[in-house]
Amino acid sequence: MKKIRIFLLLVVAVLLLCACAADTGTDRDSTAGDDLRCTVTILCDTLYASPASCDEALYAILPEGGVLLPETAYTASPGQTVFEVLTEVCRENKIHLEHSTSPVYSNSYIEGIGNIYEFDGGPLSGWMYAVNDTYPSFSASAYRVEDGDRIVFRYTLALGDDIGGDYSAQIENAAPAS
């Protein structure tokens, strides 16, 4: 009789443990409210507006108006970076993305989007990003997305001077006074 009680207690204990360990989905439901809504836009309008700045073959593949991706809603996870959002948005929209990653500095550098690469528009050209109309002075892989962010990746022909990024002024302002 004692062995039967112990056996029944073990069975009940196992059933309780299994029930407690089962995935009820409540964790996913509670974190759904933590998702961050943002928008992403990818533009090469400066290159499109300046056909003389690139070769004819490249100009032929540019989308009308230089819009690779119109403003698109995206739901990001807490802690997700602008670079991670770009990677997922490009994958979801079948837009070619090429980047290099530096493990030493823990950042990623965007080399090309939509087959448009750095230096395709001249020696000062490449991709920059803005969040809420501000061009940060650090990598997109270090910028954490916040709810309501408007993210724009835009091709520059002049180190950002032509798109409001003014990278050269950032460098001058960061240089120590002599």
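This is a predicted model: local features need pLDDT of at least 70, side-chain atom pairs count only at pLDDT 80 or more; totals for chains, interfaces and linings use all residues.
Residues are numbered from 1 along each chain as its sequence is written, and side-chain values use heavy atoms, with hydrogens and water left out.

**Start with the whole chain.** Show it as a cartoon and you will find six helices and seven strands; helices (H or I, at least four residues) and strands (E, at least two) are DSSP runs, numbered from the N terminus. Their order along the sequence is α-α-β-α-α-β-α-β-β-β-β-β-α. Of the 178 residues, 35% are buried, meaning under 20% relative accessible area with a 1.4 Å probe, protein chains only (exposed is over 50%, partly exposed in between).

**Now select β7, residues 150–156.** Five of the seven residues in this strand are buried. Strands count as paired if DSSP finds at least two bridges between them. To see one of these links, pick Thr41, whose bridge partner in β7 is Val152.

**Next, bring in β6, residues 126–131.** This strand pairs with β7 in the antiparallel sense, over six bridges. Here Trp127 has Tyr155 as its bridge partner in β7.

The whole structure holds five aromatic pairs; rings of Phe, Tyr and Trp (its six-membered ring) pair if their centres lie within 6.5 Å, with planes under 30 degrees apart counted as stacked, over 60 as edge-to-face and the rest as tilted. Stay with Trp127 and Tyr155: their ring centres are 5.3 Å apart and their planes sit at 75°, so this pair is edge-to-face. Because Trp127 belongs to β6 and Tyr155 to β7, the pair ties together parts that are 28 residues apart in sequence. Trp127 is buried at 10% relative accessibility, and Tyr155 is buried at 0%. Then select Tyr129, Phe138, Tyr143 and Phe153, which form one aromatic cluster.

**Last stop: Ser108.** Buried or exposed? Look in strand β4, residues 107–113, to find Ser108. With a relative accessible area of 12%, Ser108 is buried. Leaving aside neighbours within four places in sequence, Ser108 is in contact (heavy atoms within 4.5 Å) with Phe83, His99, Ser100, Thr101, Ser139 and Ser141.
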